[in-house]
Amino acid sequence: MATKTQETFRCMMCGHEYAEAVEKDEDKERSCPKCRSNSIRHLKKKRPPKE
Ligand SMILES: [Zn+2]
């Protein structure tokens, strides 16, 4: 059974933010639903800093 989580992404080109369900460890190429740029940044949830 696939583990999906809702992740947030942001387009660096137009600034559009959107959420998408992704599978664990998935690393597929994404593109902005608005401008189709592939400059998508994954907005990770805040975690305690690793040192
Ligand atoms: Zn965009």
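Colleague: Of the 51 residues of the protein, what percentage count as buried?
Modeller: Keep in mind that this is a predicted model. A residue needs 20 or more other C-beta atoms within 10 Å of its own to be called buried. Of the 51 residues here, the share that passes is 4%.

Colleague: And what does the secondary structure come to, going from the N terminus?
Modeller: There are zero helices and three strands. Read from the N terminus, the elements therefore run, with strands as DSSP runs, in the order β-β-β.

Colleague: How are E1 and E2 paired, and over how many bridges?
Modeller: Strand E1 covers residues 4–11, and E2 covers 17–23. Two strands count as paired once DSSP finds at least two bridges between them. E1 and E2 meet that cut-off in the antiparallel sense, and their bridges number seven.

Colleague: Which residue in the hairpin of E1 and E2 takes a positive phi?
Modeller: Look at the turn, where five residues sit between the strands.

Colleague: What about E1 and E3: over how many bridges do they pair?
Modeller: E3 is the stretch 40–43. E1 and E3 run antiparallel to each other, and the number of bridges is four.

Colleague: Which residue in E3 is the bridge partner of Arg-10?
Modeller: Arg-10 has a bridge partner in E2, namely Glu-17. Arg-10 also has a partner in E3, and that one is Arg-41.

Colleague: Is Pro-33 buried or exposed?
Modeller: Pro-33 is in the loop between E2 and E3. Its C-beta has 12 neighbours inside 10 Å. The cut-off for exposed is 12 or fewer, so Pro-33 comes out as exposed.

Colleague: How far apart are the C-alpha atoms of Pro-33 and Thr-3?
Modeller: Along the chain, the two are 30 residues apart. For scale, the C-alpha trace spans about 35 × 30 × 15 Å along its principal axes. Between the C-alpha atoms of Pro-33 and Thr-3, the separation is 23 Å.

Colleague: Where is Arg-36, the residue other than glycine with a positive phi?
Modeller: Phi of Arg-36 is near 65°. Arg-36 counts as exposed because it has 10 C-beta neighbours inside 10 Å. Its place is the loop between E2 and E3.

Colleague: Last one: what share of the contacts with a separation of 6 or more comes from residues 24 or more positions apart?
Modeller: A contact here asks for C-beta atoms within 7 Å. Among contacts with a separation of 6 or more, residues 24 or more positions apart account for 30%.

Methods: Residues are numbered from 1 along each chain as its sequence is written. This is a predicted model: local features need pLDDT of at least 70, side-chain atom pairs count only at pLDDT 80 or more; totals for chains, interfaces and linings use all residues. Helices (H or I, at least four residues) and strands (E, at least two) are DSSP runs, numbered from the N terminus. Two residues are in contact if their C-beta atoms, placed from the backbone, lie within 7 Å.
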